[in-house]
Amino acid sequence: MRPLSDLLRKHILTVKPYSSARSEYPTANTSSNQASSKTFLDANENAFGSPSEITVNRYPDPLQMALKRRICEIKQIPESRIGTIFLGNGSDEPIDLIIRAFCEPSVHAASGEITEGDAMIITPPTYGMYEVSAAIHHVAVKRVPLVRTFEGKTGTFCLDEDGIKQAITPRTKLIFLCSPNNPTANVFERAALERIITGFDGIVVLDEAYIDFAEAHSFLPRLAEFPNLVILQTFSKAWGMAALRLGMAFADSSIIEVLNKIKPPYNINILTQETALKALQHTDWKERVVRDILEEREALMHELSALHDVQHVFPSDANFILAHFTSARAVYERLVEKGIVVRDRSGVTLCEDCLRITVGTPFENERLLAALTSA
Ligand SMILES: *Cc1c(COP(=O)(O)O)cnc(C)c1O
C-alpha cells in the first residue's frame with residue numbers, strides 16, 4: 001500500500017475538523033446528563049427541553065462511543081481497536097466520504113477539455129451507489145464487468161482479476177468490491193478477493209452488506225492483516241433496521257480518523273443511536289430471523305426453478321434471489337398488476353431478462369408464487 005498521505009487528496013491532509021461543543025467536552029452527550037450535577041451552557045441547545053415525546057434537546061455523541069462499544073462486543077473486536085469503527089448515516093455516507101477523501105475529481109479546463117483526476121474501479125453489475133457517488137463528485141469510474149462462469153442455464157458470476165489488474169493506473173485510488181454482490185447475490189472466491197486486496201497499492205472497499213446471509217466468513221476478523229482494506233456493513237438488512245439509517249465502516253484507525261475528520265459532526269442522530277443500542281441486545285432475534293430468511297430463500301429458489309417462465313435461478317448468499325426469466329419485463333408488469341413489486345434488472349450489464357426478488361415472509365412468498373403461476 002502506498003502511504004496514506006500519498007493516497008489522500010492533498011488538501012484533506014490539512015483540513016482542520018469542526019470542533020463541536022460535544023467533542024471538546026464529550027461526556028455531555030449521554031442522556032443521563034439531565035441527572036448529572038453539571039450545567040451545560042456550551043452548545044446553544046435549548047435548556048428547557050423539547051416538545052417531542054422523546055427528549056432530544058441535547059446534541060448527540062459525535063463519535064457514538066456507547067454504540068461502538070456494543071458493536072465491539074457483537075463483532076468480537078477488542079475495545080482497544082474501537083478506533084477501527086466508523087458509523088455513518090447508512091452505508092451511503094462512508095461510500096461518499098471515502099470517494100471524497102481519496103479521489104481528486106476530473107476538472108473542466110477553460111479550454112473545455114476535461115482533465116482526468118483520480119479514478120476508482122467498480123465491477124458491474126454491482127450496487128448502484130458507488131457510481132452515483134462518484135458521479136456527484138465528478139470522479140472517473142472504470143468498469144471491469146464480472147464474468148459469467150457458465151453461459152446458459154447454470155453458473156454464477158466471478159471477478160475478472162486480470163481485467164482489474166489491467167485497469168489499474170497510478171491514479172487509481174479505490175476499488176469497490178461487493179461480496180455477496182448486489183444484484184448477482186453471490187460471494188466472490190475468498191482467494192480472489194485476497195489477491196486483489198494484497199495486489200493493489202490503493203484502497204479496497206469491500207461491501208459486506210449481505211454477509212450475514214452467506215456461508216462465507218466476513219473479512220472483519222482479519223482486518224488487521226490488510227491496512228488498505230475498508231469493510232462496509234450495515235444494520236439495514238439482517239438487523240432489520242433500514243429506516244434507522246445506520247451503516248458501519250471498518251478499517252485501520254488511520255483511515256477511520258480521516259472519515260471522522262470530514263464527516264458532518266453529528267451524523268448519527270440520538271434516536272438512531274439509542275434505538276440501535278437497545279436493539280443490539282437482541283442478537284437472538286437477528287440470528288433467528290436470518291435462519292428463517294435462509295429457509296425461505298431455499299424454498300423460494302426451489303419453487304422458482306420449477307416455473308416454466310424461469311430459465312435459471314442464480315445461487316444466492318444474500319436475502320434476495322436473481323432469476324433469469326424468458327421475458328422479465330412481461331413478468332415484472334404482470335406482478336405489478338397484482339400488487340407485487342420486484343426489481344427489474346433487465347437493463348443492467350449481464351442481467352438481461354433478470355428480476356431481483358427479495359425473500360419475503362412465507363405469506364409474501366406464497367403470494368409471489370401464486371401470482372407467477374397464474375398466467
Ligand atoms: C442495501 C445495501 C447497502 C446498505 O445501504 P444502507 O445505506 O446502509 O442502507 C449497502 N451495500 C449494498 C451492496 C446494498 O445492497
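Reader: Which strand does Phe176 lie in?
Author: Phe176 lies in strand β8, which covers residues 172–178. Keep in mind that this is a predicted model.

Reader: And is Phe176 buried or exposed?
Author: Buried. The relative accessible area of Phe176 is 1%, and buried means under 20%.

Reader: What is Phe176 in contact with, leaving aside its neighbours within four places in sequence?
Author: The contacts of Phe176 are Ile95, Ile99, Met120, Ile121, Ile122, Thr123, Tyr130 and Val205.

Reader: Take Thr123. How many residues apart in sequence are Phe176 and Thr123?
Author: They are 53 residues apart in sequence. In space, their C-alpha atoms are 7.4 Å apart.

Reader: Switching to the ligand. How many residues surround it?
Author: The ligand is surrounded by 13 residues. Asp207, Tyr210, Ser236, Lys237 and Arg245 are the closest.

Reader: What classes are in that shell?
Author: Four residues are nonpolar, five are polar and four are charged.

Reader: Where does the side chain of Tyr210 come in?
Author: An N or O atom in the Tyr210 side chain is 2.6 Å from an oxygen atom of the ligand.

Reader: What about Ser236 and the ligand?
Author: Ser236 has a polar side-chain atom 2.6 Å from a ligand oxygen atom.

Reader: And the side chain of Thr234?
Author: There, an N or O atom of the Thr234 side chain is 2.7 Å from an oxygen atom of the ligand.

Reader: How much of the ligand does the protein bury?
Author: The protein buries 93% of the 390 Å² that the ligand exposes when taken alone.

Conventions
Residues numbered from 1 in each chain as written. Predicted model: local features only at pLDDT ≥ 70, side-chain atom pairs only at ≥ 80, totals over all residues. Heavy atoms only, no water. Near = heavy atom within 4 Å. Polar contact = N/O pair within 3.5 Å; in protein donor to acceptor, adjacent residues only side chain to side chain. Areas by Shrake-Rupley, 256 points an atom, 1.4 Å probe, with all protein chains shown as cover. Nonpolar A, V, L, I, M, F, W, Y, C, P; charged D, E, K, R; others polar. Helix = DSSP H or I, 4+ residues; strand = E, 2+ residues; numbered from the N terminus. Buried < 20%, exposed > 50% of the residue type's maximum accessible area, 1.4 Å probe, protein only. Contact = heavy atoms within 4.5 Å.
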